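Biologist: Before we discuss particular residues, could you put the model on the screen? I would then like to go through it question by question.

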Amino acid sequence: MRLHIITICLYSVILLVCLFAIAYVIRIPVQHQLSVSDIVSDGGKTIRDIEKNSQGVPFRWLRDQVTLTLAQPTSAGILMFDYWIAPNRVATALHINATTIPLPPTGALIQRHIALLVFHAEELPQTRIALQFVAAPKEPIAWAFIRANWQTITPIPHPTIWKGMGLLWVVIALSVQRIWQRHWVSSIIAGLGVLVVGMTQPVLANSISILAQNPQFMRNGIVIVVGWLLWYLIQPRVVCFLTTASPGQRLTIGLYSILTLLPSIGILFTPEPTSIAVQEQRQRQACPTQWMGSRWDVSQNFTVLAQCVSDNIGWRSIMIRSKNELDYRLFGVSSRVYFGNNDFYFLRRWGDERFPLLQQITQDPVQRNQLRQLIQTINDTYAVNNIHMILVIAPSKDILYPENLPWYAPRYDSQMVKNLEAELRDTGVDVIPVTAILQQHKQDVPLLYHQRDFHWNDMAAYYVAQAVVARIAYHEQRATPWPIAPPQYHLMWKSATDQHFAALLLNRDVYPKSYGIDARIPAPATWNNESFTNQNFVVWRTPTQLPQPALPNLAITGDSFSTYFRNVGMERYFDTIITTSGVASTPVLLQTLQLNGIKYVVVQLRDVSLPLLINHQYEQ
Amino acid sequence: MIFASPIFLFFFFPLTVIAYTLVPLKWRNALLLIASVLFYMSGSGPYILVIIGLTIFNSAITPYIVDNRRMLGGAIAVNLVPLVYFKYAGFFERIWLDAVGISNPKTIAVLLPLGISFYTFHAISYLIDVARRRIPVNTNVNSYLLYMLFFPHLIAGPIVRFKEISSQFILENRRLRPQNVSSGLQLFILGFSKKILIGDQCAAIADRVFNQQITLSSANAWLGILAYTMQIYFDFSGYSDMASGLARIFGFRFPRNFRRPYSAQSITEFWQRWHISLSRWFRDYVYIPLGGNRRGQARTLFNLWVIFVLCGLWHGANYTFLVWGVGHGIWMVVERLGWWRPRGWWGQLCTFVITMLLWVPFRAESLSQTWQIWLACIKWQTTLVSVDTVTLIDPKRIFLLVVALCICCMPQQAFVQCKLFWQQRPLLRASALSISFVLAILVLIDQGFTPFIYANF
């Protein structure tokens, strides 16, 4: 009997530890948005009604000090909000709860975007975030609130854990009853379970209504019941079987069973929340819904099913994160990124696979010529349609920041791309020497690339955009210096793509040191999605008079790097800018460009995409 | 379906075991048969008909082949027809076209049924054993079907003889016992960990070299060969351990397939340790019938050489496998003639290096690639180390490669002591294996599963 009690206690302790471990690891993200209409009073004093700016964005003037209140209790989260400072005011710092954050100098009425990690020492029934702008001169109206997004990363509340514990105790009690026929032991344990559930959920009706209204909860409950019934059926045999086993044998069989059953049961439960899903640069395989091919194509259908199981196995993301964490802790490596110096991440696939191919192309005259001809063909196609092509080859972070690569990462010479640019220039292609430009400005700003993201940042895009505008102005025989002052950059929290790929277990991709540079210059109008000839484009059309006569309309074709041009004030020189993805000058694209009177097109490529271009596998 | 896939690990195998424990004793063989058919059909679909056809034919023919060499020859020939058609038709056609000088030929392309080389050898061994009265004619078709189709050995062996497991088809001899289940699981986990934690990691290095994704410098070539040497051992011995472990859970005992082959001090010894069930098959069913070593030295050497040529061709219908087999055959002849007799650590090192170099044609796509890699190894072709060499040697890969090397090349005495240590501590062993199982699952889920090398044969 003593052995039974010890076993049960041990079992409960293990369960408790596991549940707390899960509670520590799994966090429920909740997205909230506060709009201006949600703030009806500011500390008991209503300041102003909702107003709309010239772009139709609603906002409300608030005092220096205000408290944002969220209904959801949270202990940590990311707060992002848009604001601007009233005229004749200078904001120097922002107090959030007890923390002071210095603000960069900014002009009045210039919209700013800020993202912050906020922590609460204790859990409150509501999340209250006290904001206070340190501004001068001291006046009631200080800043305009537009909107705030709040993403909580709150751990599972303790009552949930207790509820889970209570239910498990009930299950254990039933198992004890079944195994040892000890009615009083099982009654005590079941009673404890019911008590715990009752304490955490005082009104039983609430629990029933929650169950009835939550189909996922119901499904999980059914899975538990079916699983328990199965266990109820086979456990006498299992117990009989295990009684003859030695402790070592029991351990092996028990652990193997648990480790095997956990993922398979997990696949039946609710899918993992998107916040912990690991980005793998691929689509996960969906489960087959119908038979494919002939009735004999068993293996083909089975392959899809096997891939589906592999992609949707229970706790998959947590397992991948755990594996990545182990790799990182034990060896300091990842299969997806290189962990570099100074907090830099580098995409490993590029360093290991793409750069060797690029090197091979640049060293092989035949392939180099083939690539040159491909680009030349694109250039000629545009030229025939009276569109001047400007080529921008964005270098990778590996080229710009080789000093941050770890010792076991390959290093490639930037001259490789520079030579290619020079050769293309010799054949008549208008090429912007991007690598040289960025190397020249590398010391001017703290960063040209995000530390944990493979993209360049707004500052790099700014320097390249400046060169592109200057080149177009040169062709138009206009002396157009870049009149806008260099954008103000400041460090801010950045959601990092490479960090998602590396996906460690403990940092949850929310890493406060992962800063980027935000250099947004407010645009006089917004970028809109427009559709031409069944293809989507992002278009900017000026509604107002530009600071100086506009340059001819411009199109930008490229990948995610070219989206950064939208942030840096490039639109101030053009009546119309059209951006789209892809590199090929398709008839549809040409038709659209001609419809919009485009005279110049910027074709943006990445150096690591050149091998794909030559193999006709260019990806967006 | 392969053993190291999530669908097998988390669904097929647990469900089979649960069903096996729930069904009455007399239905257990039938259950294993159904599971085996499903297992095979998941990978090869309609080709299950080939193996079932052969099984029915063999069951029907066996009463007539006892002491009848002509009938036995005919039966073996019938059994070889699918193997020759599916595996060698294209190869023979290519040899013919090469001989008549037709370049860039369109050869016959037939999808190879899974495990055809293995189940053909199972079938032939059964026929010969019956014909020679080593085993009685089996009248229970179910037992024979299960012998042929039993999923643990179906895809890549080990090549088990009917005589070795015939007594285990009797259900009374095969009750579920904790010691069998536990040791079977431990063997399975050991094999799974060998495959996933070491084999597949070494494959990441080997594939980059052999798939020509990296400059072929001397360092890269040697690293690639070393990685493949480790990969093939941990992959295939891992598979064999998993197969034996699965079989043991259901109460079957399979013969051992590996005995630390890289610790061999000669190529002769290597073949006594590597893929033992195949070596034994060739010895008993080809070498000895050819005369073995009883007809003088010249004939012995010829027989040896023939065995290795056949062994090479058995692995694959390609010139590269032929070169691999011939290479081993020549080296065996050299050792038999006494021209090469190193012993001790020097012998082990030489044997290891020779084996490594002979794995090159085994893995290479073509003879020209084989030649390039060999040249890169011995000629210090272009550079000793290229700029991309570092991509092969990140800390984790190097660690695992060193671990693999230590395991393979550990002195026998140390190995025995190590084995004894674990055997005397069952709880520690169970815990350590559970940890390695967790790690292997994490790696499997992250990196996906790769087929076993020998599943292609």
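Biologist: Which residues are linked with A:Lys323 in a network of salt bridges?

Modeller: This is a predicted model, in which local features need pLDDT of at least 70 and side-chain atom pairs count only at pLDDT 80 or more, while totals for chains, interfaces and linings use all residues. Residues are numbered from 1 along each chain as its sequence is written, chains are lettered from A and ligands numbered from 1 in the order in which they are written, and side-chain values use heavy atoms, with hydrogens and water left out. A salt bridge here is a side-chain nitrogen of Lys or Arg within 4 Å of a carboxyl oxygen of Asp or Glu. By that rule the network links A:Lys323 with A:Asp327, A:Arg336, B:Lys396 and B:Asp446.

Biologist: How many salt bridges are there between chain A and chain B, and which residue forms one with A:Arg348?

Modeller: Over all chains, the search of the whole structure finds 25 salt bridges. Between chain A and chain B the count is four. In the salt bridge of A:Arg348, where the closest N and O atoms are 2.5 Å apart, the partner is B:Asp394.

Biologist: What is the area buried between chain A and chain B?

Modeller: The size of an interface is often given as the accessible area lost when the parts come together; here buried area is the accessible area (1.4 Å probe) that two parts lose on being put together, summed over both. In terms of contact, meaning heavy atoms within 4.5 Å, 50 residues of chain A meet 54 residues of chain B. Carbon and sulfur atoms give 75% of the buried area, which is about 4600 Å².

Biologist: How many residue pairs are in polar contact across the interface of chain A and chain B, and which helix gives the most to the side of chain A that touches chain B?

Modeller: A polar contact is a pair of N or O atoms within 3.5 Å, where within protein one must be able to donate a hydrogen and the other to accept it, and residues adjacent in sequence count only if both atoms are side-chain atoms; across this interface the rule finds six residue pairs, both residues being at pLDDT 80 or more. Helices (H or I, at least four residues) and strands (E, at least two) are DSSP runs, numbered from the N terminus, and helices H5 (215–243), H6 (247–266), H7 (298–311), H8 (316–331) and H9 (348–363) of chain A each supply at least two residues of the side that touches chain B. The helix that gives the most, with 12 residues, is H6(A).

Biologist: Are A:Glu325 and A:Arg329, which meet in a salt bridge, buried or exposed?

Modeller: Their side chains meet at 2.8 Å, N to O, and, being four residues apart in helix H8 of chain A, the two are separated by about one helical turn. Buried means under 20% relative accessible area, exposed over 50% and partly exposed in between (1.4 Å probe, protein chains only). At 7% A:Glu325 therefore counts as buried, whereas A:Arg329, at 56%, is exposed.

Biologist: What kind of aromatic pair do B:Tyr262 and B:Trp274 form?

Modeller: B:Tyr262 lies in the loop between helix H10 (218–249) and helix H11 (267–273) of chain B, and B:Trp274 in the loop between H11 and helix H12 (276–287), so the pair ties together parts that are 12 residues apart in sequence. B:Tyr262 is buried at 2% relative accessibility, and B:Trp274 is buried at 0%. Rings of Phe, Tyr and Trp (its six-membered ring) pair if their centres lie within 6.5 Å, planes under 30 degrees apart counting as stacked, over 60 as edge-to-face and the rest as tilted. With 6.2 Å centre to centre and 40° between the planes, this pair is tilted.
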